Amino acid sequence: MKRFQQHPVFFLTQLLLFGMLINGIPTPSFAQTFEGYWEQAGQVSSRLPVMGKTVEKQDHRIFITKDKIKTIDLTNGRTNIFRYDRKMIYRLNPGNKTYADISFSQFESLMKRNWSRMDRMNKRLTKKLKHLKPKQRRRMIQLLGGDPARNSRRYSKITMRWPPGLKTILGYKCRHLQLLVNNKPFLDAYWTKAIQLPGRMLDIFNQFGYFPYKIPDHILKLRGFPLQITLNILYGAAKIAYQTNVTKIVRTPVSDKEFQIPRDYRRINWTYMKLF
């Protein structure tokens with residue numbers, strides 16, 4: 001089978017974003033949750049070892065029901081489908097009518113393998129830094145975005161704060177939310193409680209370990225929806241920045257047909273998730 005090619009960091013960033021959007025949001029009853037779609041405009045930039053710096057515009061339409069999510073890249077039509085009823089992820093390419101799929105358990109294994117590679121890389125960098133002179137070491141740590149000896153999930157502490165002030169976006173009043181990793185900005189968002197999404201749908205992703213940091217449960221239980229997000233991830237020499245703004249929200253029933261694979265699409269291998 002032909003390999004399914006796609007820059008991995010953009011898919012990972014999408015998962016990070018949707019995790020912060022939906023993960024762990026409890027809802028009293030299904031009748032109070034959101035079903036429909038929203039549109040968002042954003043940009044992701046990354047700097048990874050060897051791969052260098054990349055920047056990509058990302059405009060999306062996202063459909064959501066109580067157990068399914070579909071994201072469509074409005075620039076190229078590429079589509080991700082998350083089926084929680086089947087515990088499967090599907091990636092569709094309308095350009096050549098192909099799709100790739102992977103189970104939740106397979107994806108979990110891949111993500112753990114990727115972060116293990118990053119941990120090993122940080123250990124190698126730490127060892128090399130020990131042989132440098134103090135001035136060279138400080139300069140190298142600055143270039144890396146932090147001391148690789150401390151860039152480990154076991155050292156990362158997540159804190160949350162709500163700076164004063166409100167902002168109105170699309171008619172919704174939003175509070176300012178910030179998440180910090182070791183007192184450094186990780187996520188900056190404007191959050192409304194007027195929109196409730198299906199609760200605890202992405203618990204499985206929390207188990208995957210796709211976050212480079214351990215997110216405390218009380219943060220994952222936040223209720224509401226962010227209409228504006230700036231996400232910054234620093235992990236050793238890897239840096240990812242993502243900004244997005246929700247531009248449209250539509251409440252409407254979503255047909256199961258939205259989440260089906262077209263019959264004329266050909267299945268190919270999912271082989272591009274080696275991130276580091």
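This is a predicted model: local features need pLDDT of at least 70, side-chain atom pairs count only at pLDDT 80 or more; totals for chains, interfaces and linings use all residues.
**View 1. Helix α2 and its buried residues.** Helix α2, covering residues 104-129, has 26 residues and reaches 38 Å from its first C-alpha to its last, close to the 38 Å expected at 1.5 Å a residue. Among the residues of α2 that are buried are Phe104, Phe107, Leu110, Met111, Asn114, Trp115 and Met118. An α-helix has 3.6 residues a turn, so residues three or four places apart point the same way.

**View 2. A salt bridge between Arg61 and Glu39.** The side chains of these two residues, Arg61 and Glu39, meet in a salt bridge with an N to O distance of 2.8 Å. The pair links distant parts of the chain, with Arg61 in strand β2 (residues 52-64) and Glu39 in strand β1 (residues 36-48), 22 residues apart. Arg61 is partly exposed, at a relative accessible area of 26%, whereas Glu39 is buried, at 15%.

**View 3. A salt bridge between Asp264 and Lys97.** The closest N and O atoms of Asp264 and Lys97 are 2.9 Å apart in this salt bridge. The two residues are 167 residues apart in the chain, Asp264 lying in the loop between β12 and β13 and Lys97 in the loop between β5 and β6. Asp264 is partly exposed, with a relative accessible area of 47%, and Lys97 is partly exposed as well, with 41%.

**View 4. A salt bridge between Arg83 and Asp85.** The side chains of Arg83 and Asp85 meet at 2.7 Å, N to O. Arg83 counts as buried at 6% relative accessibility, while Asp85 counts as partly exposed at 40%.

Key
Residues are numbered from 1 along each chain as its sequence is written. Side-chain values use heavy atoms; hydrogens and water are left out. Helices (H or I, at least four residues) and strands (E, at least two) are DSSP runs, numbered from the N terminus. The expected span of a helix is 1.5 Å times one less than its number of residues. Buried means under 20% relative accessible area, exposed over 50%, partly exposed in between (1.4 Å probe, protein chains only). A salt bridge is a side-chain nitrogen of Lys or Arg within 4 Å of a carboxyl oxygen of Asp or Glu.
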